[in-house]
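Thanks for coming. I will talk through one structure this morning, piece by piece, and keep it short.

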Amino acid sequence: MMMLRFVLTIFLFSSLIFTTSAQTCTQQTLTTNKVFTTCHDLPYLTSYLHWSYDQATGKLDIAFRHTGITSIDKWVSWAINPNNDLTSAMPGAQALVAIPQSNGAPKTYTSSISDYGTTLAEGNISYPITGLTSTYQNNELTIYATLTLPSGTTSLVHLWQDGTVSGSTPQSHAMGNSNTQAKQTLDLVSGASQGGGSSGNSVRRRRNTHGVLNAVSWGLLLPLGAMIARYLKVFQFADPAWFYLHVTCQTSAYIVGVAGWGTGLKLGSDSVGVKYDTHRTLGIIIFCFGTLQVFALLLRPNKDHKIRIYWNIYHYLIGYSTIIISIINIFKGFDALEVSVQDRYNGWKHAYIGIIASLSGIALILEAYTWIIVLRRKRSERNTAHGVNGTNGVNGYGSKTQQV
């Protein structure tokens, strides 16, 4: 039980890390020390938008921040579509572009996007603009500007992107889900957003749910249940409590894991064109192996049955295979996150590594300790057996003495 309390403590601590690892716009301090009235955590590409809007004059002050820019061979942009067309937001978009430089401040300019496949050529945009500048610090690229919108504007369609640079020319952005969905209809007055934003928040919630359910079930409860069966049963006082703890832990892992597996299937069906074949295949294998273990529990023969040894081999092979594949697939899940999103979830990955390392350390200690107990017990049993044999004459001496 001490081991169980220790693992639960680790899990609760890691939950705090999970909760606080992601930045939010309200926690950010802008390098220009400008204060904006409203901000949004944009749902894709680890980006954030801060703004202040004066409806009477149409003045829109913005700060667009994109984190996770670890190379200067990248560009980022924030744009407005003057046609308010969320479906085809890129053609006609009026963009602010920033490219980090090896020396000095980032290159910052405007670009009018005529169609798909743009190289973001420098040019004028349809909005009057002042104060266009940008900063690049701590792998964060932030664009500042003041635009004047048409009179009476209360909402707009905005989009944001990133991509690579070849030489000095921006290349087309990637076509993954994070890039193609990076757009919203934004109410400048109320701060409400629709379209890409609401969809993105839903996807993010389901992705988080999928990850947490599977990490807790297949990645934590399942190894913990195996450790209970392997180590607690060595202690005579824990019999048969260890068995019921083992069954409870593994059954809970299966139930929670099936829920996580279901959310993964839903995520896959909603992400058209985005495929993670290895992650999906391993997930299906884990589900099948877990289901086989449930059936094995229902069909478990008695200890003295002649096929019990074969059932044990089957149970061990499927069980440990499931644990190994589950841990591998959890890391595949971290790798499946878009590159631009991985920084946001690094705290999750590090916390899980800490949990697995702690469980492995505990297992090594218990492995050595329980082997010592087993060897001492066998030695004691042999000594007892020799003492009995010396008394009943099995060794050939006692019986002769009795005959005499």
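Which residue is the bridge partner of Tyr136 in strand 8? The bridge partner of Tyr136 there is Leu141. Before going on, please keep in mind that this is a predicted model.

That pair belongs to strand 7 and strand 8, residues 140–148, which pair in the antiparallel sense over seven bridges. If pairing is new to you, strands of a sheet pair through backbone hydrogen bonds, either parallel or antiparallel. The hairpin of strand 7 and strand 8 has two residues between the strands, and Asn138 takes a positive phi near 55° in that hairpin. Asn139 lies in the loop between strand 7 and strand 8 as well. Asn139 has a positive phi of about 65°, although it is not a glycine. With a relative accessible area of 34%, Asn139 is partly exposed.

Now the sheet around that hairpin. Five strands form an open sheet, in the order 1-2-3-8-7, and the pairing is antiparallel. Strand 1, residues 38–41, and strand 7, residues 129–137, stand at the edges; each has a single partner strand, so one side of each is left without a neighbour in the sheet. From one strand to the next, the twist averages 15°. Further along the order, strand 2, residues 47–54, runs antiparallel to strand 3, residues 59–66, and eight bridges join the two. One example is Tyr48, whose bridge partner in strand 3 is Arg65.

A disulfide is a covalent bond between the sulfur atoms of two cysteines. How many disulfides are there? The count comes to one disulfide. Cys25 and Cys39 form it, with their sulfur atoms 2.1 Å apart. The link of Cys25 and Cys39 is right-handed, with 65° about the S-S bond. The pair links distant parts of the chain: Cys25 is in the loop between helix 1 (2–20) and strand 1, Cys39 is in strand 1, and they are 14 residues apart. Are Cys25 and Cys39 buried or exposed? Both are buried. Two other cysteines can be listed here: Cys249 is buried, with a relative accessible area of 9%, while Cys288 is partly exposed, at 37%.

Next is strand 9. Of the 12 residues in strand 9, nine are buried, so the strand is mostly covered. Strand 9 has several pairings to go through. Strand 4, residues 74–81, runs antiparallel to strand 9 and is joined to it by eight bridges; there, the bridge partner of Asn81 is Val157 in strand 9. Strand 9 also pairs with strand 11, residues 183–187, in the antiparallel sense over five bridges. Ser155 stands opposite Asp187 in strand 11. Ser155 itself is partly exposed, with a relative accessible area of 29%. Between Ser155 and Val189 there are 34 residues of separation in sequence, and 7.5 Å in space from C-alpha to C-alpha.

Strand 9 also runs antiparallel to strand 10, residues 169–170, and two bridges join them. Here Ser166 stands opposite Thr169 in strand 10. The hairpin of strand 9 and strand 10 has two residues between the strands, and Gly167 takes a positive phi near 70°.

Two backbone details from the loops. Asn84 lies in the loop between strand 4 and strand 5 (94–99). Asn84 has a positive phi of about 55° although it is not a glycine, and its relative accessible area of 46% makes it partly exposed. The peptide bond from Asp239 to Pro240 is cis, with omega near 5°. Pro240 has its place in the loop between helix 3 (196–231) and helix 4 (241–270).

Last, the helices. Helix 5 covers residues 277–298; at 1.5 Å a residue, its 22 residues should span 32 Å, and its end C-alpha atoms are 32 Å apart, which agrees. Among the buried residues of helix 5 are Leu282, Gly283, Ile286 and Gly290. Two packed helices are described by the angle between their axes and the distance between the axes. For helix 5 and helix 6, residues 308–336, the axes come within 9 Å and cross at roughly 150°. Angles over 145 degrees count as roughly antiparallel, and helix 5 and helix 6 are therefore roughly antiparallel to each other. Their crossing is left-handed.

That is where I stop.

Note on methods
Residues are numbered from 1 along each chain as its sequence is written. This is a predicted model: local features need pLDDT of at least 70, side-chain atom pairs count only at pLDDT 80 or more; totals for chains, interfaces and linings use all residues. Side-chain values use heavy atoms; hydrogens and water are left out. Two strands pair if DSSP finds at least two bridges between them. Helices (H or I, at least four residues) and strands (E, at least two) are DSSP runs, numbered from the N terminus. Axes are lines fitted to C-alpha atoms, for helices over the stretch in contact, and angles run from 0 to 180 degrees between N-to-C directions. A disulfide is a pair of cysteine sulfur atoms within 2.5 Å. Buried means under 20% relative accessible area, exposed over 50%, partly exposed in between (1.4 Å probe, protein chains only). The expected span of a helix is 1.5 Å times one less than its number of residues. Angles under 35 degrees count as roughly parallel, over 145 as roughly antiparallel, 65 to 115 as roughly perpendicular and the rest as oblique. A crossing is left-handed if the near helix is turned anticlockwise from the far one by less than a right angle, and right-handed if clockwise.
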